[in-house]
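Here are my notes on the model you sent over.

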Amino acid sequence: MATAYDLGVSPVTRLTAESADRLDRLFRLHNSRLVAFAATRARDYATAEDVVSECWVRAALSLHQLQATDEQAYGWLRAIIVRAAIDHYRLRRSSEAPTDFGDVVAVRLVPATPPADADLYALAELTAPQAVAVKLAAQGLSHDRIARRLGKTRQAVQQNIHRGANRLRLAVAG
């Protein structure tokens with residue numbers, strides 16, 4: 001998640017007394033609704049609280065741009081929540097991206113000498129995403145965990161596993 005430091009703001013940036021007072025009023029007026037809204041976007045309550053905290057940091061940094069009244073500022077704060085939630089999950093997804101699936105992708109290469117088990121050739125029929133998804137499913141991971149690990153949707157993982165299994169059946173049978 002982008003923080004004040006990532007946005008290029010100096011840590012010594014301070015709010016004026018008027019801005020701090022307005023931020024306090026906005027917090028008292030809208031925080032509970034913002035947490036409830038963030039909870040609908042986040043996967044858990046703790047993440048929702050993190051996103052709302054980031055929202056208040058971003059709001060403090062750009063409070064001078066807000067022209068709406070305190071009561072009308074909810075839409076502005078809600079837009080900040082949406083962007084903060086997107087940033088939160090985007091960064092998590094890239095940090096959890098798989099980096100070592102060499103053993104699965106290497107299966108795509110046909111070995112120089114025939115293996116003892118001819119069924120290994122069936123694995124060469126799979127695309128790389130199908131091979132990765134099938135291997136992780138064979139290791140006992142759920143579709144949700146595979147999707148999170150690969151940074152894909154659950155439906156994409158299900159399709160890769162289903163199509164990979166069909167290719168394996170055809171390759172082994174024929």
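1. Secondary structure first: the protein has eight helices and zero strands. Reading from the N terminus, the order is α-α-α-α-α-α-α-α. Keep in mind that this is a predicted model, so everything below is computed from predicted coordinates.

2. Next, the overall numbers. The protein has 174 residues, and 31% of them are buried. Its accessible surface is about 11,100 Å², with 53% of that belonging to carbon and sulfur atoms. Among contacts with a separation of 6 or more, 67% are between residues 24 or more positions apart.

3. How do helix 6 and helix 8 pack? Helix 6 covers residues 128-138 and helix 8 covers residues 154-173; their axes are 8 Å apart, at an angle of about 95°. An angle from 65 to 115 degrees counts as roughly perpendicular, so helix 6 and helix 8 are roughly perpendicular to each other. On the helix 6 side the contact uses Pro129, Gln130, Ala133, Val134 and Ala137. Helix 8 brings Val157, Asn160, Ile161, Arg163, Gly164, Ala165, Arg167 and Leu168. By residue class, this contact has eight nonpolar, three polar and two charged members.

4. Helix 7 (residues 143-150) crosses helix 8 at roughly 105°, and the axes come within 8 Å. Helix 7 and helix 8 are therefore also roughly perpendicular to each other. Helix 7 contributes His143, Asp144, Ile146 and Ala147, while helix 8 contributes Arg154, Val157, Gln158 and Ile161. This contact divides into four nonpolar, two polar and two charged residues.

5. Ile161 deserves a click of its own. This residue is found in helix 8 and is listed both in the contact with helix 6 and in the contact with helix 7. Is Ile161 buried or exposed? Its relative accessibility is 15%, and the cut-off for buried is under 20%, so Ile161 counts as buried. Leaving aside residues up to four places away in sequence, Ile161 touches Ala133, Val134, Ala137, His143 and Ile146.

6. On to the charges: the count of salt bridges comes to seven. Two of them can be inspected in helix 1 (residues 17-41). Arg25 and Asp21 meet through their side chains at 2.9 Å, N to O. These two are four residues apart, about one turn of the helix. Arg25 is partly exposed at 38% relative accessible area, and Asp21 is partly exposed at 41%.

7. Asp24 and Arg28 are four residues apart, so about one helical turn separates them. Asp24 counts as partly exposed at 32% relative accessibility, whereas Arg28 is exposed, with a relative accessible area of 67%.

8. Which salt bridge links distant parts of the chain? Take Asp87 and Arg58, whose side chains meet at 2.9 Å, N to O. Asp87 sits in helix 3 (residues 74-95) and Arg58 in helix 2 (residues 45-61), 29 residues apart. Asp87 counts as buried at 18% relative accessibility, and Arg58 counts as buried at 12%.

9. Last, a loop residue. Where is His64? His64 lies in the loop between helix 2 and helix 3. At 63% relative accessibility, His64 counts as exposed. The C-alpha atom of His64 is 7.6 Å from that of Ser19, a residue 45 positions away along the chain.

Conventions: Residues numbered from 1 in each chain as written. Predicted model: local features only at pLDDT ≥ 70, side-chain atom pairs only at ≥ 80, totals over all residues. Heavy atoms only, no water. Buried < 20%, exposed > 50% of the residue type's maximum accessible area, 1.4 Å probe, protein only. Contact = heavy atoms within 4.5 Å. Areas by Shrake-Rupley, 256 points an atom, 1.4 Å probe, with all protein chains shown as cover. Axes fitted to C-alpha atoms, helices over the stretch in contact; angles between N-to-C directions. Parallel < 35°, antiparallel > 145°, perpendicular 65-115°, else oblique. Nonpolar A, V, L, I, M, F, W, Y, C, P; charged D, E, K, R; others polar. Salt bridge = Lys/Arg side-chain N within 4 Å of Asp/Glu carboxyl O.
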